[in-house]
Amino acid sequence: MHFQGSKTWRPSHKKDLSGSAKHLIIALFVSLFLVSCLDKGSSQVHKSSRLLMGTFVEVSVVGNDQEAKKAASEVFDELKRIEMLTSFHGDSELAKINANAGKGPVKTDPELLKIIDEALRVARETHGAFDPTVGPIAKLWGFSGEGESRLPSDSEIQETLPLVGWDKVKIDHEAGTVELPQAGMALDLGAIGKGYALNGTAELLAKAGIRSALVNIGGDILALGEKSPGKPWVIGVEDPRNSRAIVAVVSLKDKIIITSGDYERFFEKDGKRYHHILNPRTGYPADKLRSATVVGPVGSTLQPSGTAAFVLGVDQGRKYIESLKDAYGLLIDSEGNNHFTAGAESIFQLK
Ligand code: ADP
Ligand code: MG
């Protein structure tokens, strides 16, 4: 009954705002029932959206008109602030580090330094399956957000690969500097920035006294509180090969859910799919999975685990997600089979 009259929310311009594919990763059910069952007459779901962090962002806040609008606007400001630190393009703080590759250490904003530290930690833990220095390769494929995607020649890839390597990055914590020692190196925080921003958003909403909200940054979602008392937020995990189908649903309360998939940003050539999650060792798109979805607690570094698992494949990806506290994953392999991490069967309800 609760889904009758519900709306299936599908951000049709998910992710790929500049490339060719406009696919989405997560379908989100927002029950209209919610509005009618909220007891305080003044409380309802306020939705607003913006294009930020290279994707479509929707913020849904439950509260009275004034507080909800104010909270949403603070969320957008926060995302903008993180974008100005982490964006691969424009005049972000990250772009300054990349522009100085091969020229020496760069004094870095302490928060950006913290994000880079986190990214390098995940790179170390995943033996480089997740690697924030994949920037030059992402650029080569045109997956870095500007321009058209294209299939580079193998020699271009081989020439570029020596610029990739998380262990080359030099960080001086005392001096507060980051150094990319080779000209042409570039950090790409596309697989950590949104997750980091979601955690900041959760803190901000809590401070603003908001108990119930959804923040969706291009399919990576913070579910704060419940949509109404006793009713958690329900999120659908999309079938990677059918944007109209849901593979599983997840009920969430104070959780973050992220997905890395091969259907978000891709192109096809001669019947082969080329997408934006790259194997840093080979320089080619990782091909073991179609998607990796991870649910976990607010405040943890969750987003990179989806990317890492995507590159690692079922066995190692599962192990990595299981090594994270209270994290649960659903991995869909290249044949379309579902694989759960330990305990995830009770989190993801298969459809
Ligand atoms: P999305 O950002 O579409 O949700 P991810 O979270 O997996 O997907 O991040 C993918 C982005 O991360 C790519 O667009 C690229 O910027 C970067 N990236 C691609 N491959 C890797 C990798 N192996 N390690 C770290 N970052 C990567
Ligand atoms: Mg992601």
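Author: Contact here means heavy atoms within 4.5 Å. The model is predicted.

Reader: With that cut-off for contact, which residues of H9 does H8 meet?
Author: The two helices in question are H8, residues 303–312, and H9, residues 314–322. On the side of H8, the residues that take part are Ser305, Ala308, Ala309 and Leu312. Their partners in H9 are Val314, Gln316, Gly317, Tyr320 and Ile321.

Reader: How many nonpolar, polar and charged residues does the contact of H8 with H9 have?
Author: The contact of H8 with H9 draws on residues from both helices, Leu312 and Tyr320 among them. Sorted by class, these residues comprise no charged ones, three polar ones and six nonpolar ones.

Reader: Is H8 roughly parallel or roughly antiparallel to H9?
Author: The axes of H8 and H9 lie 7 Å apart, and the helices pack at an angle of about 155°. Because angles over 145 degrees count as roughly antiparallel, the arrangement of H8 relative to H9 is roughly antiparallel.

Reader: Which hand does the crossing of H8 and H9 have, right or left?
Author: Two packed helices are described by the angle between their axes and the distance between the axes. For H8 and H9 the handedness of the crossing can be given as well, and that crossing is right-handed.

Reader: How many residues of H8 are buried?
Author: A residue is called buried when its relative accessible area is under 20%. In H8 the buried residues include Gln303, Thr307, Phe310 and Val311, and the helix as a whole is mostly covered. The count of buried residues in H8 is ten of its ten.

Reader: How is H2 oriented to H4, roughly parallel or roughly perpendicular?
Author: H4 spans residues 110–125, and its axis comes within 10 Å of the axis of H2, the two crossing at roughly 70°. Arg81, Ile82, Leu85 and Thr86 of H2 make the contact with Glu111, Leu112 and Ile115 of H4, a set that divides into four nonpolar, one polar and two charged residues. Since angles of 65 to 115 degrees are taken as roughly perpendicular, H2 is to H4 roughly perpendicular.

Reader: Is glutamate 78 buried or exposed?
Author: Glutamate 78 has its place in helix H2, residues 65–86. Leaving aside residues up to four places away in sequence, glutamate 78 touches Gly200, Thr201 and Leu204. Its relative accessible area is 13%, so glutamate 78 is buried.

Reader: Is histidine 127 buried or exposed?
Author: Histidine 127 sits in the loop between H4 and helix H5, residues 135–141. Most residues other than glycine have a negative phi, whereas phi of histidine 127 is positive, near 50°. With a relative accessible area of 58%, histidine 127 is exposed.

Reader: What is the relative accessible area of aspartate 270?
Author: Aspartate 270 lies in the loop between strand E13 (266–269) and strand E14 (272–275), and its phi is a positive value near 45°. Aspartate 270 counts as exposed, and its relative accessible area is 77%.

Reader: How far apart in space are glycine 219 and isoleucine 258, C-alpha to C-alpha?
Author: Glycine 219 belongs to the loop between strand E8 (213–217) and strand E9 (220–224), and at 1% relative accessibility it counts as buried. In sequence, glycine 219 and isoleucine 258 are 39 residues apart. In space, C-alpha to C-alpha, they are separated by 6.8 Å.

Definitions and conventions
Residues are numbered from 1 along each chain as its sequence is written. Chains are lettered from A and ligands numbered from 1 in the order in which they are written. This is a predicted model: local features need pLDDT of at least 70, side-chain atom pairs count only at pLDDT 80 or more; totals for chains, interfaces and linings use all residues. Side-chain values use heavy atoms; hydrogens and water are left out. Axes are lines fitted to C-alpha atoms, for helices over the stretch in contact, and angles run from 0 to 180 degrees between N-to-C directions. Helices (H or I, at least four residues) and strands (E, at least two) are DSSP runs, numbered from the N terminus. Angles under 35 degrees count as roughly parallel, over 145 as roughly antiparallel, 65 to 115 as roughly perpendicular and the rest as oblique. A crossing is left-handed if the near helix is turned anticlockwise from the far one by less than a right angle, and right-handed if clockwise. Ala, Val, Leu, Ile, Met, Phe, Trp, Tyr, Cys and Pro count as nonpolar, Asp, Glu, Lys and Arg as charged, and the others, Gly among them, as polar. Buried means under 20% relative accessible area, exposed over 50%, partly exposed in between (1.4 Å probe, protein chains only).
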